[in-house]
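Open the model in a viewer and keep a selection panel at hand. The stops below say what to select next and what is there.

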4 protein chains.
Amino acid sequence: MSSETVLDEVEAASAVDRPGGDDRAAGMLGRFQQVRSFSQSLCATLEPEDYVVQSMPDVSPTKWHLAHTSWFFETFILKVWMPGYQPEVPEYAYLFNSYYNAAGDMHRRDLRGLISRPTVAEAYRFRRSIDQHVQELLESADHELIDTLEPVFTIGLQHEQQHQELLVTDIKHVFAQNPLHPIFRERNDRPQRRTIAPCGFVDFEEAIVEIGHGGRGFSYDNEGPRHRALVGAFSLATRPVTNGEYIAFIEDGGYKRPDHWLSLGWTTVNQPASGEWEAPLYWTKRDGNWWNFTLSGMRPVDEAEPVTHVSHFEADAFANWSGARLPTEFEWERAAAGLEIEGNFVDTERFQPAPVEAQPNGKLTRMFGDVWEWTRSAYLPYPGYRAEPGALGEYNGKFMSSQMVLRGGSCATSQNHIRPTYRNFFQPEKRWQFTGIRLARDPR
Amino acid sequence: MSSETVLDEVEAASAVDRPGGDDRAAGMLGRFQQVRSFSQSLCATLEPEDYVVQSMPDVSPTKWHLAHTSWFFETFILKVWMPGYQPEVPEYAYLFNSYYNAAGDMHRRDLRGLISRPTVAEAYRFRRSIDQHVQELLESADHELIDTLEPVFTIGLQHEQQHQELLVTDIKHVFAQNPLHPIFRERNDRPQRRTIAPCGFVDFEEAIVEIGHGGRGFSYDNEGPRHRALVGAFSLATRPVTNGEYIAFIEDGGYKRPDHWLSLGWTTVNQPASGEWEAPLYWTKRDGNWWNFTLSGMRPVDEAEPVTHVSHFEADAFANWSGARLPTEFEWERAAAGLEIEGNFVDTERFQPAPVEAQPNGKLTRMFGDVWEWTRSAYLPYPGYRAEPGALGEYNGKFMSSQMVLRGGSCATSQNHIRPTYRNFFQPEKRWQFTGIRLARDPR
Amino acid sequence: MSSETVLDEVEAASAVDRPGGDDRAAGMLGRFQQVRSFSQSLCATLEPEDYVVQSMPDVSPTKWHLAHTSWFFETFILKVWMPGYQPEVPEYAYLFNSYYNAAGDMHRRDLRGLISRPTVAEAYRFRRSIDQHVQELLESADHELIDTLEPVFTIGLQHEQQHQELLVTDIKHVFAQNPLHPIFRERNDRPQRRTIAPCGFVDFEEAIVEIGHGGRGFSYDNEGPRHRALVGAFSLATRPVTNGEYIAFIEDGGYKRPDHWLSLGWTTVNQPASGEWEAPLYWTKRDGNWWNFTLSGMRPVDEAEPVTHVSHFEADAFANWSGARLPTEFEWERAAAGLEIEGNFVDTERFQPAPVEAQPNGKLTRMFGDVWEWTRSAYLPYPGYRAEPGALGEYNGKFMSSQMVLRGGSCATSQNHIRPTYRNFFQPEKRWQFTGIRLARDPR
Amino acid sequence: MSSETVLDEVEAASAVDRPGGDDRAAGMLGRFQQVRSFSQSLCATLEPEDYVVQSMPDVSPTKWHLAHTSWFFETFILKVWMPGYQPEVPEYAYLFNSYYNAAGDMHRRDLRGLISRPTVAEAYRFRRSIDQHVQELLESADHELIDTLEPVFTIGLQHEQQHQELLVTDIKHVFAQNPLHPIFRERNDRPQRRTIAPCGFVDFEEAIVEIGHGGRGFSYDNEGPRHRALVGAFSLATRPVTNGEYIAFIEDGGYKRPDHWLSLGWTTVNQPASGEWEAPLYWTKRDGNWWNFTLSGMRPVDEAEPVTHVSHFEADAFANWSGARLPTEFEWERAAAGLEIEGNFVDTERFQPAPVEAQPNGKLTRMFGDVWEWTRSAYLPYPGYRAEPGALGEYNGKFMSSQMVLRGGSCATSQNHIRPTYRNFFQPEKRWQFTGIRLARDPR
């Protein structure tokens, strides 16, 4: 995931009507403290040792997430606008840069787990130091500086929310490597047998629609420019695919029949290096029953939960098997346009998709939260898109190759982070995020 | 590249008016003999040893191309419709299947170069046997059988033309590994200093256009269904980027500055395994001057020729550097819609892009032939696309992942093989095809 | 490194004269507590995060060493001889088995760094539990049980000493990955300019000598059977090669001239994956001077110290360059036979070879401690050697392939662990141990 | 395999008594023509395509063997001693140098199969040109030049014989990749059921013996210096292990029980990359019976033949399983010292080990020919060995690392190439040579 603000023009134009620097600064500080402290509260159950491990190159150590999000404020705010700011540990600029070539050299991503120092305590000390400096800066800033700071500051907060999601999915992957099955959050409920009504579909007519972010409030640069697009008629499933439905796919030989799969997917499924997939990531069969590793430990698979930890390849194969397809991101955005942003987000601290309940059909449900929904759209620039110059221009644009768009957020996303226009993106073989499936259909 | 015919409905409807089985069969046989013999004429200068080598997994031995294209007719025509047909060497079904899971098991692609038998002479014998059987079948077929055969037969010919292009680009890669620099076709002209006018641009207004194949004649299934799309205003360069322009990019540090590159491109350029790219494939610097390996041996780079053997990553970086971008495949198709299909094709047997001449601007030139033009569009299904069941349904659809679309054909493409709607596709890092760059721009 | 006791037969025969169970048990307990507490004292400066990291497959996390050495006593002593012993965490049997197939399945070696739990505190708790149980067992054991226990118990202590050495060299490798250059032990002295006399040689005549362990006291099974061998005349250097001498080799193009190198060595030196060696491991050049990373941080290379962290390939190339060769392990053992075991061991807690002083020639010095000395002998079984059945038979014998013998111990070895007959062994490309060079010569 | 002559001093001293230049030159020319033409006769059944393929990095294309052995005479004889000699194709110096750094740069070994030119016809033309020049040189050489030439000339012939063996084993590996199972030499006999007497053992007492070459005639430098060694008492099997005996090992779970195996062997056996070995190379099970690919095609395993295509790891595991061990190379040489050099060599053109017949025990049989016998000795320099300076010094010495010694020659070795002192060497995991097993035992 990544970023550059498209400042709301209306908002910019009406700066005279906005609260004075003091009030706005106070608001910004409040949001800052809320987001920053949530990062730390996510770590409540972690031991220092847990913060260190990088279980695969895609995963970063918890410690690294905490430090990198602080580095972001240091690099793009404090070093730029705070007079006389001196970093306590200059090497952090190298250690905690992720991928911003314009911000200098960086430590190799796949080696992040080899760095035991700074310790967790030192990483928290770094956070506190950044927090204090940001607070000082905001409290002493005049109107003009606040105007200047705000866009980058907002990106900093959005960026930290993205890393909160990664922190959760990364520690899940770390814990999953451990035969002791550590528990991130205790949970005492057990799966219940529920009867789930078959999935319905909602129909949409062909239309020329506006795609991309255009209103008030923050968005990433990759959500714009807002532009018109012709979206043909389609139908969209009322809810995500469940574990129960996915088990039917498995039991029907879904992983054994090449005709369901993209060629690259079939290769991936059968690659010894990927352990020859036969189910979603984290699933294991014990005495004929499927169990999965969750952030609350090893538990029986709940058939009513939306299936998650599937790759784009699996999502596409499932869709083919079921006679449907994945939606495009434009179809998804059109369908989501007017919907309320509500659902099972990280704010619930369930850290797992919630079971689907019986429901009246004819209505889209769970478009937000639970699982990121794979689309059949490649992650590409919108017409007229151009990355900004400078380091923050690297946030999104340079990743527009060989990835697929996902929409709607997950049980590890913050509720106030997601939007109908939000474009997440991953390579089609990735499975460690909370990724799932919503089906679409061509008109009959 | 890949296939399933969308039969021209008009043609199908008017079957009654068409020449009788005899005449149509004769026409088919004529086309068959023309295409089949061209495959062999391409090999005129090859020694038996040249037919064997596979210089990388993407490359197939010449011998394999000759046999695989014959296997195609054997598998999808003779075994299906010729009563009593018995393959002389049953193992060929395994050795010469490329990727059709529905047609049975197959030999591993990356091991094709380890198979010295059948010899070249045996491969030609196999071709002759297939040719004779096909001739017999056509000559004895009634109207009804001709109707049934024709679509698959046509795919067989189109398929062979695709392999003719691969044969040419593959043998170039094979010869390029050899310090002796073998020559595929002698050529005696030398590059001349020419003054090339700067590239102009042609402007297009926003419009709803029809995309995809819809008229008479053959097309692959991935060119349909024909559908309406909203294409915004854009400008398209009047000609491809030249070697001279590309050298300016290199000399301006184009390969050294990450800000021009997609993230994955930057990784690829700097990968020791890819030899740390600093120029197009086949280029080498001698005493300060660029030379390139061509099918006519090692020659000085001609600054007036369209640059070729660049990856999508390089095409994209060049476009960024020059303040432009690559066109979408829809922009390209719209611009190409009414143009004559003429240019430098394999039919000229130059096997190298031809120098750009001085030209009046304001007109698109060289849209066809010379070099495949990378677009910024990912290779994805058109709305309503659905792969056919069966082996031939594997031709195109299963490759719709992680590849980019190229348009227009190259100096290794047959002139009667290309169309404005033709979609070629390769992974963004591939360079061994005759791939080049045409720039596009957003409206000012 | 590895183990099986060859019990001293004389000692066994005279059991009647030995102190009673009580006294012997008390002696064993004393040695046990001394060795066990030294393991922990080595970790005095470590933070919990440091215990977790595995910087390459050869390296194990500190935490793992502490737990594995405890697992050894649990598996081979407590589970066998302590009635009613119940492991608190049964999964430890899997997590902390290193390579004993006969003791059950084990966790993959290269994944040891992905296991954040048990925490460091839990690992210490495991140690304490094992310590208490062993103490109980010893205190309650009768003569007969003591007789039975003692050989395995002794191996357990020797085994732990080997892991102490690995713990030190492993944490050095871990810290070396960190751009912050963490310090394991503070040290305030600086290298001094010393004039070092050229190395002398001591001559030995051809003789039939006894090779292998034969006297009282503990030895590993790979040191026997003691047997006669014909050792031809040779000369052995009076001291190890110094950093200063090694720099002369580097500056003479030692790493650039293939004629000095074994073929496999030359390949290794030039492998991109090994970073193209141009100096010993941990060396780096800053402004024309060599620095090296030590357990006391980044320091200028001291020219008087024995060179260390060189592979067998480098040792062999250096010897070729200097017109000498490496000694065989039999030459080394013969020369070391009567010498006092004294030198710079882990007991000094210098954790770095000590500078060579001016010295009278004609005498072998520093045969023990400082650096393990590569021999030109492959690690092979002695005549009549046969691994014991059972898990402890896996200690040494199964590694007798593709490794070279090293002799004499290092600055990370315990003084009471080493013997003239002690055979250490590593693959010829390994460099992370304190390995160095002593030259030998054929008679003139 | 590799080389530097240790010239027989007696022979050198008595040069005056030897036949004049003419006669000696004629003798040399005769041997030259015999060896050179045998290389070509080995290729009698090959098609040009067969000469090109390199089926793994260890294998060289047939064409390369023919050219490289010619390059050897060109480089070390013609370019040095033939006045005015001009190579026709200077690039051959680069293409056909194998590993002699001192002779200039060389083409990468693992890329030899990518070079289709020179063609087979051109390679033969190169051979003829070299043959003619060598003939001219010999015919015009005076006594003195003959004296100078002879040692290098002899190495050239020995070298070519080594490549004849590699040519045979390499083409076997090439053909084995082909599902069509090409046949190198027709053979019509079928395996017969024979009763094979159990293997006996011959006992040897401890002795000080002379090891290494010391008499008249050619030997490689690695066979010297001749030196005294103490060889303890041992017993040696009267014949190699048969396929029948090896099948008993397989059926007893030999490949499934880690306790038989060296650690590195166990890893190799279970490596997915090596296809998880469960039998010798080229064996396959059909309907419960073992078949193996031979140079005469796919045939049932003959239980009476010596087992071949086993690695050192398998030889060692088999020996452990059977309660014996492999001999050292010194034991082997001692036992072979007085024996006649007779057996199943390449001269028989069987290209496969011959079945063991019933035989009186108490006598060593088949010490030469059939299969190279793995020893438990690492390939290391003899005391006093020192590689010559210059390119020919690279022949043997630089490979003395991480390889094991084999003795006795195989069914692909020339009878006049082998000696009791001959040391062949390969890495312990290699299987594509005709390698087999002879057991040894410690005295009871």
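## Chains A and C

Start with chain A and chain C, between which the count is two salt bridges; a salt bridge is a side-chain nitrogen of Lys or Arg within 4 Å of a carboxyl oxygen of Asp or Glu. This is a predicted model, in which local features need pLDDT of at least 70 and side-chain atom pairs count only at pLDDT 80 or more, while totals for chains, interfaces and linings use all residues. Residues are numbered from 1 along each chain as its sequence is written, chains are lettered from A and ligands numbered from 1 in the order in which they are written, and side-chain values use heavy atoms, with hydrogens and water left out.

Select C:Arg117 and A:Asp50: their side chains form a salt bridge, at 2.6 Å from N to O. Across the interface of chain A and chain C, eight residue pairs are in polar contact, both residues at pLDDT 80 or more. A polar contact is a pair of N or O atoms within 3.5 Å; within protein, one must be able to donate a hydrogen and the other to accept it, and residues adjacent in sequence count only if both atoms are side-chain atoms.

Helices (H or I, at least four residues) and strands (E, at least two) are DSSP runs, numbered from the N terminus.

## Chains D and B

Move to chain D and chain B, where the contact takes 32 residues from each of the two chains. The buried area here is about 2,300 Å², with 67% from carbon and sulfur atoms. In chain D, D:Glu49, D:Leu114 and D:Arg117 lose the most area to chain B, together 30% of what that side buries. Select D:Arg117 with B:Asp50 to show a salt bridge between their side chains, 2.6 Å from N to O.

Then check the remaining pairs. No contact joins chain B and chain C, whose closest C-alpha atoms lie 8 Å apart. Chain A and chain D have no contact either, and their closest C-alpha atoms lie 8 Å apart.

## A covered strand in chain B

Select strand S8 (residues 372-378) of chain B. Is this strand mostly covered or uncovered? S8(B) is mostly covered, with seven of its seven residues buried; buried means under 20% relative accessible area, exposed over 50%, partly exposed in between (1.4 Å probe, protein chains only). B:Trp372, B:Trp374, B:Arg376 and B:Ala378 point one way, while B:Glu373, B:Thr375 and B:Ser377 point the other way.

Two strands pair if DSSP finds at least two bridges between them. S8(B) and strand S9 (residues 404-407) pair in the antiparallel sense over three bridges, and B:Trp374 has B:Leu406 as its bridge partner in S9(B). Strand S11 (residues 435-436) runs parallel to S8(B), joined by two bridges; there, B:Thr435 is the bridge partner of B:Trp372.

## Backbone details

Go to C:Gly224 and C:Pro225, joined by a cis peptide bond with omega about -5°. C:Pro225 lies in the loop between strand S2 (207-211) and strand S3 (227-231) of chain C.

Finish on D:Phe351, a residue other than glycine whose phi is positive, near 60°. D:Phe351 is buried, with a relative accessible area of 1%.

Key: Contact means heavy atoms within 4.5 Å. Buried area is the accessible area (1.4 Å probe) that two parts lose on being put together, summed over both.
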